[in-house]
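Subject: Structure handover

Hello,

Here is the structure for you to take over. My notes on it follow below.

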Amino acid sequence: MQVTCPAVAILLALGALCGAQPVKFKDCGSTAGKIIIVDITPCPSLPCVLRKGQSYAVNVTFTSKTSSQTSTAAVHGILGGIPVPFNIPNADGCKCGIQCPIRNNQIHHYINSLPVKSEYPSIKLVVEWELKDEHDKDIFCWRIPVQISG
Ligand SMILES: *[C@@H]1O[C@H](CO)[C@@H](O)[C@H](O)[C@H]1NC(C)=O
């Protein structure tokens, strides 16, 4: 990162003070929106170490570039290039902090949690989290590497 925006630096510092941890994500095709911040708490460094039996707070700040009545999340674990569906407690984005209908050019905070079941294997994988609009387009799509541990 050659260009550091002071406003972003201040936001990141504030986030750190309040316990939120912005993580470096890979955008996997957010065509109907723009991701501003992905917070996973706790995840002080990458890969995120996800302990079995714990739940992780997810807070995605994004701008919408679409109008949609609905928003639906899909989470996958990518293992050796193969996406495996991951169950999340609530797939309806409109019940996860997003005001629906979504209007174009609004800032939203998508709030959810990622429960790590004790029966998951202790492996390294990539988590892909999408939020789709009513036309099945990605409002956001991000990927982060994680390590599941006992
Ligand atoms: C989500 O993140 C935004 C931006 O960092 C923050 O303003 C908001 O309070 C957070 N919400 C929750 C529930 O943590």
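I begin with a proline. Pro89 touches Asn112, Ser113 and Pro115, leaving aside residues up to four places away in sequence. Pro89 and Ser113 are 24 residues apart along the chain, yet their C-alpha atoms are separated by 7.5 Å. Pro89 sits in the loop between β6 and β7. Is Pro89 buried or exposed? Its relative accessibility is 55%, and the cut-off for exposed is over 50%, so Pro89 counts as exposed.

Please keep in mind that this is a predicted model.

Overall picture

From the N terminus on, the order is α-β-β-β-β-β-β-β-β-β. The chain has 150 residues, and 39% of them count as buried. Take the contacts between residues at least 6 apart in sequence: 66% of these join residues at least 24 apart. The chain exposes about 8,300 Å². Carbon and sulfur atoms supply 58% of that area.

Ligand site

Which residues surround the ligand? They are Asp39, Asn59, Thr61, His109 and Ile111. By class, this shell has one nonpolar, three polar and one charged residues. Strands β4 and β7 (107-115) each supply at least two residues of the shell. On its own, the ligand has 370 Å² of accessible area, and the protein covers 45% of it.

Ser64

Ser64 is also in β4, which spans residues 55-64. Its relative accessible area is 0%, under the 20% cut-off, so Ser64 is buried. What does the side chain of Ser64 reach? It reaches the backbone oxygen of Arg103, at 2.6 Å. Beyond residues up to four places away in sequence, Ser64 touches Ala32, Gly33, Ile102, Arg103, Asn104, Asn105, Gln106 and His108.

Aromatic pairs

How many aromatic pairs does the structure hold? There are five.

Start with Phe86 and Tyr120. Their ring centres are 5.3 Å apart. Their planes meet at 40°, so the pair is tilted. Phe86 lies in strand β6 (residues 82-86), while Tyr120 lies in the loop between β7 and β8 (124-132). The pair therefore ties together parts that are 34 residues apart in sequence. Phe86 and Tyr120 are both buried.

Next come Trp129 and Trp142. This pair is stacked, with 5.6 Å from centre to centre and 20° between the planes. Trp129 is in strand β8, and Trp142 is in strand β9 (residues 138-149). Here the pair ties together parts that are 13 residues apart in sequence. Why does Trp129 count as buried? Its relative accessibility is 0%, and buried means under 20%. Trp142 counts as buried too, again at 0%.

Trp129 and Trp142 also belong to one aromatic cluster, together with Phe62, Tyr110 and Phe140.

That is the handover. Over to you.

Best wishes

Technical notes
Residues are numbered from 1 along each chain as its sequence is written. This is a predicted model: local features need pLDDT of at least 70, side-chain atom pairs count only at pLDDT 80 or more; totals for chains, interfaces and linings use all residues. Side-chain values use heavy atoms; hydrogens and water are left out. Helices (H or I, at least four residues) and strands (E, at least two) are DSSP runs, numbered from the N terminus. Buried means under 20% relative accessible area, exposed over 50%, partly exposed in between (1.4 Å probe, protein chains only). A polar contact is a pair of N or O atoms within 3.5 Å; within protein, one must be able to donate a hydrogen and the other to accept it, and residues adjacent in sequence count only if both atoms are side-chain atoms. Contact means heavy atoms within 4.5 Å. A residue is near a molecule or strand if one of its heavy atoms lies within 4 Å of it. Accessible areas come from the Shrake-Rupley method with a 1.4 Å probe; for residues, only the protein chains shown count as cover. Ala, Val, Leu, Ile, Met, Phe, Trp, Tyr, Cys and Pro count as nonpolar, Asp, Glu, Lys and Arg as charged, and the others, Gly among them, as polar. Rings of Phe, Tyr and Trp (its six-membered ring) pair if their centres lie within 6.5 Å; planes under 30 degrees apart count as stacked, over 60 as edge-to-face and the rest as tilted.
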